[in-house]
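Subject: Structure handover

Hello,

Here is the structure we talked about, with my notes below it. Please read the notes with the structure open.

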Amino acid sequence: MGIHGLAKLLADYAPASMKESEMKSYFGRKIAIDASMSIYQFLIAVRGDGGQVLTTEDGETTSHLMGLFYRTIRMIDNGIKPVYVFDGKPPQMKSGELAKRLDRREEAQKALEKAKAEGDQEEIEKFQKRTVKVTRQHNEECKNLLKLMGIPYVEAPCEAEAQCAALVKAGIVYGTATEDMDALTFASDVVLRHMTFSEARKMAIHEYHLSSALEQLGLNQEEFIDMCILLGCDYCNSIRGIGPQRAISLIRQHKSIEKCLKHLDLKKYPPPEDWLYKEARQLFLHPEVTDPEKLEIKWDEPDEEGLIDFMCRQKGFNEDRIRNGAKKLAKARQGTTQGRVDSFFKILPNPNKRKGPTPLKGPPKKKGSGGGKQAGKGKFRKK
């Protein structure tokens, strides 16, 4: 889930913290990618005729491998150097959220069986996607594929988003590619959404900047974390009835959840029993990560014959297509990486940029029926 409603809140109250970009805009960038989130997307999106996941003749799922192979090559073609980060053991505080997800999958499984019995293909496709889960086997197969492609990966001790954020803060990568907005809560200054989406979906990459968001919201990082906890996170429940506008208003005024509770009508807004917001705050402030300086991250030559053996002989992919992909990887590896133009210039602040937090007068009014999807569009200068 990440942080409930954070993207919408930033669109309304910190629009200049997000800009839309194309894949080619990240030429020469190193990007940390939330592997589990990407694999989950591939399992849902990469489908064959009839909406079924791709499988081998023996029925083993291969949608995740096809998605990972071709999306990674697409990034490489655009001059991006990806490093995938895999989740480790989830924190104990996430057990409640994981239990909720299990319940939702079980309910979806029941609905799927009913749809199959009734022969309702539309419902079958819908509930098949809701039963998807990334397994240990999916992860291990993807690690093997990345190794054969010469693409580095990191195994986080805990949450992948936290490890990605640590790589960003250490200056090893430019940003975190994920759909979970809690990468911002873990203090990744740059977060990229839709990076691993299919090109056919024609969705722009949404680039969020934490420093800009904090400036516009009028918050520091700890206050931002408390606001995110009020919105709803994976590690504890939130206060029912506290929506985005009230959450940001409370934190701006009182600066912490403790002080907010002193001024709230607790009969109207009762906090959850045994509310672990302090523990959640500490998890965001001090997550369990591997020191980025101790990680060896390097891009190697692809193992073409190894790829053919794994992807074609074992998983049934077309050999010509896999060889073509391997050649693209090798060509990118042999080519020289041109430096980014913006690395030679100092980026000056925009003199027209609003200073101070956006006043709380409700979300800005959108012009036109499609305004909600274009929040903040046209207000940024390209670097």
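A187 sits in the loop between helix 8 (182-185) and strand 6 (190-193). In this predicted model, the phi angle of A187 is near 80°, which is a positive value in a residue other than glycine. Is A187 buried or exposed? A187 counts as buried because its relative accessible area is 19%, and the cut-off for buried is under 20%.

With a relative accessible area of 11%, H194 is buried.

The other item is a cavity. How many cavities of 30 Å³ or more does the structure hold? The count is 1. The space in the largest cavity comes to about 40 Å³.

Its lining is made up of I33, M37, S38, Q41, A177, T178, E179, L192, M195 and T196. Which helix gives the most to this lining? That is helix 2 (residues 35-45), with 3 residues. By residue type, the lining of the largest cavity has 5 nonpolar, 4 polar and 1 charged. E179 is one of the lining residues, and Glu belongs to the charged class.

Regards

Terms used:
Residues are numbered from 1 along each chain as its sequence is written. This is a predicted model: local features need pLDDT of at least 70, side-chain atom pairs count only at pLDDT 80 or more; totals for chains, interfaces and linings use all residues. Side-chain values use heavy atoms; hydrogens and water are left out. On a 1 Å grid over the protein atoms alone, a cavity is a set of points where a 1.4 Å probe fits but cannot get out, and a pocket is an open set with protein on both sides within 12 Å along at least five of seven lines; lining residues have an atom within 4 Å of a point. Grid points are joined across faces, edges and corners, and a volume is the space filled by probe spheres set on the points. Helices (H or I, at least four residues) and strands (E, at least two) are DSSP runs, numbered from the N terminus. Buried means under 20% relative accessible area, exposed over 50%, partly exposed in between (1.4 Å probe, protein chains only).
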